[in-house]
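Q: I have a model open and want to learn how to read its packing. Where do we begin?

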Amino acid sequence: MEVRRPCRIMMLVNPQSGRGQALQLFTGHIQGMLTEASVPYTLVITEHQNHARELVRKADLSQWDALVIMSGDGLLFEVINGLMDREDWQEAIQIPLGILPGGSGNALAASVHHYSQSPPAWNEELLLSCGFMLCKGLVGPLDLVSVHLASKQRLFSFLSLAWGFVADVDIESEKYRHVGAIRFLMGTLVRLASLRVYQGRLAYLPVKEIESDTKTRAPVDSLLPDLEQPVPDTWTVVKEEDFVLVLAIYQSHLAEDLWTVPGAMADDGLIHLFYVTAGISRPALLRLFLAMEKGGHLACGCPHLVYEKVKALRLEPITPQGMITVDGEVVEYGPVQAQIHPGIARLMRG
């Protein structure tokens, strides 16, 4: 017989994330909330890259009722991929996942806060909102996207796949980590000064407006052809080959202050695909990013910005050097394709 128990949380904290304040933020704001709400937790401080991935891959998950990450988005990427690496991944990925903003990106935390229909919040206010939702303990489905690389490696993503301007800004702004979330604005301004064009081929499987709701709950790679094969006739092939950026995102926010997909939900079964074609001026691109703070970029009427709702996509860079990021982490550069798996994970939210 099973012993009834309160919700036991494994709390993973990356002490290096953001401005290196995650642990102080946890002890200063969250610890007291959990104690008051009688939520027992075990604090695990990550010591190196992929520590969390190794930990959850081997952990006895029956000891835990939830895994909560206090960091930026990178630590959750590790945890999800650690769970999906397991033999028992189908059960493992059902463990509720929680996020507390402790990094400089905090896109998922900002999205979870937004989904709770709360007014916008930043910094410690956002942290308190996420802490409060954690104590309430409500759980809902979370879509994941499988990303397939040329080396046959498969990754699972909860946030975004980026190439071009967005990926470059994300990685190049690492050197401004000490300033916190404003690092992305600094990176954007630096990259705008030397705006690049990236050549590549893009294709996607569009969502039909009236699509029957056949939600699969297992990562079957049914939508994707082999990377060496041409895409099926049902896919749309983009005519342009000169891009400033390609961004596939499946949450509402790309950062605390970038409300990228105003209508997105954690389990809408969609990849929101944005791309910006070459020819856009620097001021026009800056206007788009400034409008994104309030979710107004789609209303800018920018002829170079295209937005599509898709189920799967393929990107084949032609430009020999560049960066592709998945959830803000650099992955192997080369052809890549991805598809959505609706609601296969579970997220603690308001």
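**Aromatic pairs and packing**

A: Start with the rings: the count comes to six aromatic pairs. Keep in mind that this is a predicted model.

Q: How is the pair of Phe26 and Tyr41 arranged?
A: Look at two values, the centre distance and the angle between planes. An angle over 60 degrees counts as edge-to-face. The ring centres of Phe26 and Tyr41 are 5.5 Å apart and the planes stand at 80 degrees, so this pair is edge-to-face.

Q: Is Phe26 buried or exposed?
A: Check the relative accessibility. Under 20% is buried. Phe26 has 0%, so it counts as buried. Tyr41 has 24%, so it counts as partly exposed.

Q: What about Phe243 and Tyr275?
A: They form an edge-to-face pair, with 5.7 Å centre to centre and 80 degrees between the planes. The pair links distant parts of the chain: Phe243 sits in strand E10 (residues 242–249) and Tyr275 in strand E13 (residues 271–277), 32 residues apart. Both Phe243 and Tyr275 are buried.

Q: Which residues do ring pairs link into a cluster?
A: Follow the pairs from ring to ring. Trp163, Tyr198, Phe243 and Tyr275 are joined in this way.

Q: Now the nonpolar core. Which residues touch the most other members?
A: The general idea comes before the case. In soluble globular proteins, nonpolar side chains tend to be buried together. Here the largest nonpolar core has 83 residues, and Met11, Leu83 and Leu161 touch the most other members. At least three residues of this core come from each of domain 1 (2–143) and domain 2 (147–343). Apart from it lies another core, of 26 residues, including Ala264, Leu288, Met292 and Leu305.

Q: What is Met11 in contact with?
A: Set aside neighbours within four places in sequence. Among the contacts of Met11 are Phe26, Leu34, Tyr41, Val68 and Leu134.

Q: Which residues of helix H8 are buried?
A: Read a helix by its sides. In H8 (residues 183–193), the buried residues are Arg183, Phe184, Gly187, Thr188, Arg191 and Leu192. They cover an arc of only 165 degrees around the axis, so they lie on the same side of H8.

Q: What do the buried residues of H8 pack against?
A: Their partners are helix H7 (165–172), strand E8 (198–206), strand E11 (253–255) and helix H9 (282–292).

Conventions. Residues numbered from 1 in each chain as written. Predicted model: local features only at pLDDT ≥ 70, side-chain atom pairs only at ≥ 80, totals over all residues. Heavy atoms only, no water. Core = buried A, V, L, I, M, F, W, Y, C linked by side-chain atoms within 4.5 Å. Buried < 20%, exposed > 50% of the residue type's maximum accessible area, 1.4 Å probe, protein only. Domains from an automatic or database assignment. Contact = heavy atoms within 4.5 Å. Helix = DSSP H or I, 4+ residues; strand = E, 2+ residues; numbered from the N terminus. Arc of directions from axis to C-beta. Phe/Tyr/Trp six-rings, centres within 6.5 Å; stacked < 30°, edge-to-face > 60°.
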